[in-house]
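Trainee: I am new to this structure and would like to go through it with you. Could you start wherever you think best?

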Amino acid sequence: QPPSIEHVEVGNIPTLEELTRYRLDDTRRPIMGMSKDTIENVVNAAIAHICIENENDSPNTNETDEVNRGGETHALKRLNHFIGNGHAVVADRSLADVSGDNSSKFSSHLALGTISPRLIYKTAHDAGDGCKWLISHLEMRDFFLYNSFASGSKLFCRDGMPVAKKKNKIEWYNPGKNQDKVKQWTQWVEGQTGLPLVDAGQTEMMKTGYCSNRARQNMASVLTKDLLIDWRAGAEWFQFCLDDHCVSANWGNWAYFSGVGSDPKSRHFRTVSQAMRYDPDGQYVTKWLPKLQKLCDGEKDALFRPWDLLDNWPTPIIDPKTQYTWQDLQRFQELSQTTATMNTH
């Protein structure tokens with residue numbers, strides 16, 4: 001309860017649950033077309049996350065536990081831990097699973113203003129060449145900020161921002177009007193695409209408010225390149241779920257990846273090949289999809305293509321052959337042919 005102020009009726013500060021309750025109770029206007037259960041799961045996970053953080057908040061908390069805590073004190077501890085203790089130099093930030101110290105985890109603090117980007121810049125600069133990548137990421141953040149200032153409300157236009165002329169207009173599907181796309185949109189949001197890396201990313205994001213850049217890019221690729229669903233729907237869903245949401249960075253990155261941003265280069269990630277490269281042991285997908293781990297029963301290949309090797313795995317919502325690089329697809333086809341030949345003898 002906030003302190004009373006003379007002549008001002010302060011009232012009660014609404015909880016996250018109270019802020020969303022009126023929308024959850026209004027069945028005529030579902031949030032982004034999602035079921036009440038889906039939205040409640042996200043809200044309840046956020047509330048539980050805050051409660052756990054508050055319960056464990058103590059002066060004796062070790063430095064690795066500072067990752068998801070808010071406020072300037074914890075931000076400065078994280079800065080010292082990650083850069084000062086040398087973790088930034090050895091971080092493998094390209095992985096699907098960047099838990100612990102494989103990522104700076106500064107994004108929430110930057111989004112909420114609990115740490116200055118100039119302080120991060122100076123600390124990284126003083127730490128030497130091994131931290132130059134952090135400076136590069138801060139510069140990209142600045143680019144998206146200034147790009148959003150230049151674009152104004154056009155940042156949210158379907159066909160992209162006005163700073164770059166697009167060669168080819170993309171035909172996007174509205175996930176609320178096409179019946180097939182309504183189903184695909186729901187499956188993508190709820191982590192039911194049948195593609196382990198994408199589903200693990202959605203599950204982590206809904207439960208924790210965070211997932212790695214690798215996971216975010218693969219999620220965005222499936223929605224915009226394979227399903228051709230309006231990229232703005234994906235950006236809005238991320239905005240609803242992410243702890244580290246920043247309007248400029250989120251919407252700018254979605255436009256950038258979807259091919260309507262300032263760099264209209266086509267980016268299409270092959271999620272199966274991505275998983276094999278950036279989650280080679282299946283650590284990430286088994287962490288967030290325990291059902292997959294149970295069904296695989298130690299069969300490593302099933303972690304990447306369960307639709308081929310497991311009886312109880314759903315058929316992916318897109319042709320899984322489109323989710324391999326050409327080299328990986330050739331290798332699996334040759335392996336299948338060899339296996340079939342051996343079985344006939």
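Mentor: Let us start with helix α13 (residues 271–278), which is mostly covered, as 7 of its 8 residues are buried. Buried means under 20% relative accessible area, exposed means over 50%, and partly exposed lies in between, with a 1.4 Å probe and protein chains only. Helices (H or I, at least four residues) and strands (E, at least two) are DSSP runs, numbered from the N terminus. This is a predicted model: local features need pLDDT of at least 70, side-chain atom pairs count only at pLDDT 80 or more, and totals for chains, interfaces and linings use all residues. Residues are numbered from 1 along each chain as its sequence is written, and side-chain values use heavy atoms, with hydrogens and water left out.

Trainee: Which residues of α13 are buried?

Mentor: They are T271, V272, S273, Q274, A275, M276 and Y278.

Trainee: And what lines the largest cavity?

Mentor: Its lining consists of L195, P196, L197, V198, T271, V272, A275, L303, F304 and W307. Both α9 (196–208) and α13 supply at least two residues of that lining. On a 1 Å grid over the protein atoms alone, a cavity is a set of points where a 1.4 Å probe fits but cannot get out, a pocket is an open set with protein on both sides within 12 Å along at least five of seven lines, and lining residues have an atom within 4 Å of a point.

Trainee: How much space lies in the largest cavity?

Mentor: About 50 Å³. Grid points are joined across faces, edges and corners, and a volume is the space filled by probe spheres set on the points. The count comes to 1 cavity of 30 Å³ or more.

Trainee: What is the lining of that cavity like by class?

Mentor: The lining of the largest cavity has 9 nonpolar residues, 1 polar residue and no charged ones. Here Ala, Val, Leu, Ile, Met, Phe, Trp, Tyr, Cys and Pro count as nonpolar, Asp, Glu, Lys and Arg as charged, and the others, Gly among them, as polar.

Trainee: Stepping back, how many helices and strands does the chain have?

Mentor: The chain has 17 helices and 0 strands. Buried residues make up 43% of its 345 residues.

Trainee: Which residues touch the most other members of the largest nonpolar core?

Mentor: Those are W185, W188 and W237, in a core of 61 residues. Helix α11 (residues 231–241) gives the most to this core, with 6 residues. A nonpolar core is a set of buried Ala, Val, Leu, Ile, Met, Phe, Trp, Tyr and Cys residues joined through side-chain atoms within 4.5 Å. A second, separate core of 16 residues includes L79, W133, L134 and I135.

Trainee: What does W185 touch?

Mentor: Not counting residues up to four places away in sequence, W185 touches M32, M34, P175, L223, I229, A233, G234 and W237. A contact means heavy atoms within 4.5 Å.

Trainee: Is G234 buried or exposed?

Mentor: G234 is buried, with a relative accessible area of 0%. This residue is found in helix α11. Leaving out residues up to four places away in sequence, G234 touches W185, W188, L223 and W254.

Trainee: And where is M32 placed?

Mentor: M32 is in the loop between α1 (16–24) and α2 (36–55). Phi of M32 is near 55°, a positive value in a residue other than glycine. Most residues other than glycine have a negative phi. M32 counts as buried because its relative accessibility is 18%.

Trainee: What about D297, is that residue buried or exposed?

Mentor: D297 is exposed, with a relative accessible area of 70%. D297 is found in the loop between α15 (290–296) and α16 (306–309), and its phi, near 50°, is also positive.
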